[in-house]
Amino acid sequence: MNSSYWLTNVRLENGYHFENEVITGTQTDTFHLLIEDGKIAKIVSSDTSIDDKLPRKNAGNLLALPSFKEMHVHLDKTLLGDQWRPVTPAANIFERFEIEKRVLPTLPTTTKERAKVLIETLMKAGSTHIRTHVDIYPEVGLDNLYAVQEALSDYEGRLSHEIVAFPQHGLLLSNSQDLVRQAVRQGATLVGGVDPATVDGDMERSLQELMEIAVEGNVDIDLHLHDPGQLGLATIKRLAKLTEEAGWQDRVTVSHAFALGDMAGREADDMAQMLSELGISIITSVPIGRVIPPVNFLHEKGVQVAVACDNIFDSWSPFGNGDILERAGRFAELSGRVTERKLAETIGFISGGITPLSQTGERLWPQVGDEANIVFAEASCSAETVARRAKRKAVFYKGNLVAGSFY
């Protein structure tokens, strides 16, 4: 593709319609976008005559939105691309570990093949960034890491990614500390853990080891935390203290964080303030039937929160289709985000915080200089896109078409 070209007839949100200070709809207009070296170099009205000889791609008045970021997925676990199979019942998480260990090595498809099927699925749904957790444990060594790295390398220039070295079976319980360190040396960009108190059986030592590995390797942290109530809250508080002591502000994530849904009153205010001040982000997959973090409350308090898919047809769950927009719609339904503005803001939970409009209707995205990472949707506005799970026709990453088509 040429390094410079015009995206013509692009529909952008340009403000809100107000009636008696109440938002009644979203204003959109059509524009032409000049793309140069993967970035948006100019934004001009569609009434503007283009008199240069650069190539043009007609977006056909489709709505442009910032492309999505899938911030919690397991490329090495998925069964996509293999035959259908239901989930085998398990009495507890430890039994689930063993079932997965037995199932994955017996599949006729490779980890790389299945990972690529999921990557394609995510891209078609609009994701151009993937954070994937990769299981690290003695029986498999670094094989999952290498397979996922190979899969992702086939998409170089089509998406960005992060890899979390994830000791699924317990950092201490599976004695995987050295393996996780090796994974970091071999290219993992984050280090993870799971339920330090209930899986590892030693919250303090597990968190200490996790932080030590992160600091040694100069990588970020993404901890799976399912423990509810005071146990989960105590874990988050201790991790926060270690974050402050290590100077790891803005480098720590807690995934799931169900315990945050159990807090109330002053405790909730204090916890949100702590998370915000330390830049500890929260990721939720919006599971059905579980208490989830109070996303709206945390967001209002300045905590960075993302919505993600997590398990997508694997040994843990037969569900999931890799459509992060569908997950955002589920979140909007469950959390009462039904107004035009609240629905539109929901896009930010799947785009790294980027929304087309500010609360008052000023256009925030796109701006000249932004990377041309764009999803084109068959919708009138962001709010409709979320509420109706609008069809995505085309996906661009750094100005290159990576999924779908305008035609």
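D37 takes a positive phi near 50 degrees in the hairpin of β2 and β3, which has 2 residues between the strands. The model behind this report is predicted.

**The antiparallel strands**

Strand β2 covers residues 22-36. Strand β3 covers residues 39-45. The two pair in the antiparallel sense, over 6 bridges. Within this pairing, F31 stands opposite S45 in β3.

β2 also pairs with strand β1, residues 4-19. This pairing is antiparallel too and counts 13 bridges.

**The parallel sheet**

Another part of the model holds an open sheet of 8 strands. Its order is β6-β7-β8-β9-β10-β11-β12-β13, and the pairing is parallel. The edge strands are β6 (68-73) and β13 (305-307), and each pairs on one side only. From one strand to the next, the twist averages 20 degrees.

V73 stands opposite T132 in β7.

Strands of a sheet pair through backbone hydrogen bonds, in either a parallel or an antiparallel way.

| Strand pair | Sense | Bridges |
|---|---|---|
| β1 and β2 | antiparallel | 13 bridges |
| β2 and β3 | antiparallel | 6 bridges |

Notes:
Residues numbered from 1 in each chain as written. Predicted model: local features only at pLDDT ≥ 70, side-chain atom pairs only at ≥ 80, totals over all residues. Heavy atoms only, no water. Pairing = 2+ DSSP bridges. Helix = DSSP H or I, 4+ residues; strand = E, 2+ residues; numbered from the N terminus. Axes fitted to C-alpha atoms, helices over the stretch in contact; angles between N-to-C directions.
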